[in-house]
Amino acid sequence: MNTKSKRNYVDSHHTLKISQMHSSTYKDGWWKTYVHDENRKRKEVVRKTEEALYDTLYDFYKKMEEPVKSLEDVFQMLMNRKRDELGRSNQTILDDTRYFSYLSDKLKKKAFSEITESDLRTWIVKDYMPTKPKETALRKMLQLLKQIFTYGKSQKLCYENPAEYILFDDYVRGCNLDK
């Protein structure tokens, strides 16, 4: 998008003053303003040029407009990537979709960035392990969760991977060990 369009977009969304800093500090001549984050706290934004500040504000307000992605949304994005960019077979996509179907609807609909390690562990203990999955099914489920969160992190939809610390060995004792 061109600079003029970005500037107009920011001007229509940003109500606080944008000013150039004039002081004896090392940031003399830099541009600054404030934004309100999702918790309504005021946060200072400082950039070296006016254009860089407008780019940052544009990205900030565009991100605020985007709908919140759920775990299910991110799973679908990952499946599209596996199919279109990584060339995975339809059987792989179907297998992943089957494993994903075991997740509770509550967890699937929860905002992706708000899911914690505790949420995943609670689902495993209360909903998944009572079904007595086979070891391979548990291993594949944990692998899929890690893939979803790794992908989400790479897309900047979350800051950490809560599935990273959930170990197979913590839950294997509850598996169906029959062959």
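A search over the whole structure, which is a predicted model, turns up one cavity of 30 Å³ or more. The volume of this largest cavity is about 40 Å³. Which residues line the largest cavity? They are T3, K6, R7, E51, Y54 and D55. Two elements, α1 (3–13) and α2, each give two or more residues to that lining. By class, the lining residues divide into four charged, one polar and one nonpolar.

Next, the sheet. It is open, with three strands in the order β1-β2-β3 and antiparallel pairing. β1 (19–20) and β3 (42–47) have a single partner strand each and stand at the edges, so one side of each is left without a neighbour in the sheet. Between β2, residues 31–36, and β3 there are six bridges, and the two strands run antiparallel. For H36, the bridge partner in β3 is R42.

S70 sits between α2 (50–65) and α3 (71–84). Is S70 buried or exposed? Its relative accessibility is 10%, and the cut-off for buried is under 20%, so S70 counts as buried. What does S70 touch, leaving out residues up to four places away in sequence? The contacts are K108, K109, K110, A111 and F112.

That is the end of my part.

Key: Residues numbered from 1 in each chain as written. Predicted model: local features only at pLDDT ≥ 70, side-chain atom pairs only at ≥ 80, totals over all residues. Heavy atoms only, no water. Helix = DSSP H or I, 4+ residues; strand = E, 2+ residues; numbered from the N terminus. Buried < 20%, exposed > 50% of the residue type's maximum accessible area, 1.4 Å probe, protein only. Contact = heavy atoms within 4.5 Å. 1 Å grid on protein atoms, 1.4 Å probe; cavity = no way out; pocket = protein on both sides within 12 Å on 5 of 7 lines; lining within 4 Å. Points joined across faces, edges and corners; volume = space filled by probe spheres on them. Nonpolar A, V, L, I, M, F, W, Y, C, P; charged D, E, K, R; others polar. Pairing = 2+ DSSP bridges.
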